[in-house]
Structure formats: C-alpha cells, structure tokens
Amino acid sequence: MSRRILMNELSWVEYQKRVEAGAAVILPVGATEQHGPHLPMGTDAMLATAVAKGVAEKINAIVAPVVAFGYKSQPKMGGGQHFCGTTSLDADTLAHVLRDVIKELARHGVRRMVLINGHYENMMFTIEGIDLAMRELRYDGITDLEILRLEYWDFTRAETLEKVFPDGFPGYALEHAAVMETSMMLHLHPDLVDMAALPTDGPAEFPAYDVYPTRTAWVPCSGVLSPATGAEAAKGVLLFNDYVTDVTAAILKEFPSVSAVA
Ligand SMILES: [Zn+2]
C-alpha cells in the first residue's frame, strides 16, 4: 500500500502514529471565487492543494483539508465581490478559522506546519491566524511550534517566468484566471478547463486608487484581469515543478526534523 498523504484519508490511529514520528502538516488555503468563464471557482483551492500534495509526496508530511473559502475578492486582484459565485469570509473569520485549525493541530502534537496560500487576498489574514494561534499556544506552554507560510507563486523561477511569458510578465496581481492559473489547471485538472470559453477582454487597467463601493465597470465583464491566451499545459508543468521542488527544498532547509521520503 502506498503511503497515504491526505489527513482526511487517515484513521486517527494512523494519523497519531505519523504525527508522533514527526510528520509535518501542510495546510492549503484557497478561495471560492470566480475565475472567468473558463476555469472553476475552486481554482485557488485546487492549486494550493495540488502543490501541497506534490510536496507531501517528497517529505514526511500530511496534507490537511483545504480551507476552501478565502478573504473578499478585490477588484484589482480577483475581480471583486460583485460576481455571482464568489463566496468570501470576513477578515477576522478567516483569521479565526486558521487560528483554530493551527491550535487543534498543535494539540495533536504537530510541531512543524506549512501554510500554502493560493489566493492573493488571504495573505495578511493567514499571518494574523498564525500569530493569534502562536500567541495563545504560548500561554498554554507550547513554545516549540514552527510554521512556514508562503504564497506558492513566489517560487516561480526567473527562467520559468521568461518561458511562460515570452512577451513580458504582467505581474502576479493581474494573473487572476490568466496564463499561470490556466496553464496549471490545464496540467492538473484539464477536464475542468474550457478553453473554448477563453475570454478576449482585458487586460484590466486600474487607477492608483480604490473607490468604495467598487467601480465594477473597471473590472472586465469576464472576471479575467489579463488575457489567458498562451496558456498551455506544458507551461503548467514548468510552474508546478518549480513550486513542488523549491517549496520542498525550503521546508527541508528550515525544518531539519522533517525528512525527505525516498
Ligand atoms: Zn486564482
């Protein structure tokens, strides 16, 4: 039987054994958010989970169930909250969900955790969740917990970026439902991508300020912030390999107690 890596698929007895043997737990955090007409709304959750699983296959780690709701979609990053289907949490709700999950994992005895964020807007609230959990755990006398937190796209290598964007990189914020996410989904979940529905509007042009309520007219109707033309599975392979290889290396570097799996 091959080694199981999903927490959901382990019995508590098996899980306890793995935790006692020093397994790290990887927590993917995503969103349920429109990703244009061609990608599923679970894209951020699926990509964060895929990277987590890829990493867990290489090291002594277990993947916790993804946190599938994220912080509110922002017009300049995810199109905004006005799209049907986008389902988001308030900032303190998200931070508290993460705080509670981290505290529970610590109660189980987990002392090395990795939080992989797949939704730009979550960033500061993942930090808040970690900070609240660690502060409360310190009061409980747990002082040896370490958490590595990351946005997976920060692990894109320069040479990969050049291959994925031969005409120049528009920046990670505008990469919503665009070339990177579409390419990775073509590689990881090709049955969920509808390339015939690829929109042609955009790229979005935003001023240097925000206005509330959101000026929805600033956002392309498709919800895609820069064109996904040029997306292909081969580019998804390059991106995904960067993430799995280099996130694995970071964990092994920072957490010497976590071992590679042969
Ligand atoms: Zn996304």
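Q: What makes a set of grid points a cavity?
A: On a 1 Å grid over the protein atoms alone, a cavity is a set of points where a 1.4 Å probe fits but cannot get out. Points are joined across faces, edges and corners, and the volume is the space filled by probe spheres set on them. The second largest cavity here holds about 40 Å³, and the search of the whole structure finds two cavities of 30 Å³ or more.

Q: What is this model, and how are its values taken?
A: It's a predicted model: local features need pLDDT of at least 70 and side-chain atom pairs count only at pLDDT 80 or more, while totals for chains, interfaces and linings use all residues. Residues are numbered from 1 along each chain as its sequence is written, and side-chain values use heavy atoms, leaving out hydrogens and water.

Q: Why do Leu 27 and Ile 147 count as lining the second largest cavity?
A: A lining residue has an atom within 4 Å of a point, so both pass that test. Ile 102, Leu 105, Met 113, Val 114 and Leu 115 are also in this lining.

Q: Which element supplies the largest share of the largest cavity's lining?
A: Helix 7, with three residues.

Methods: 1 Å grid on protein atoms, 1.4 Å probe; cavity = no way out; pocket = protein on both sides within 12 Å on 5 of 7 lines; lining within 4 Å. Helix = DSSP H or I, 4+ residues; strand = E, 2+ residues; numbered from the N terminus.
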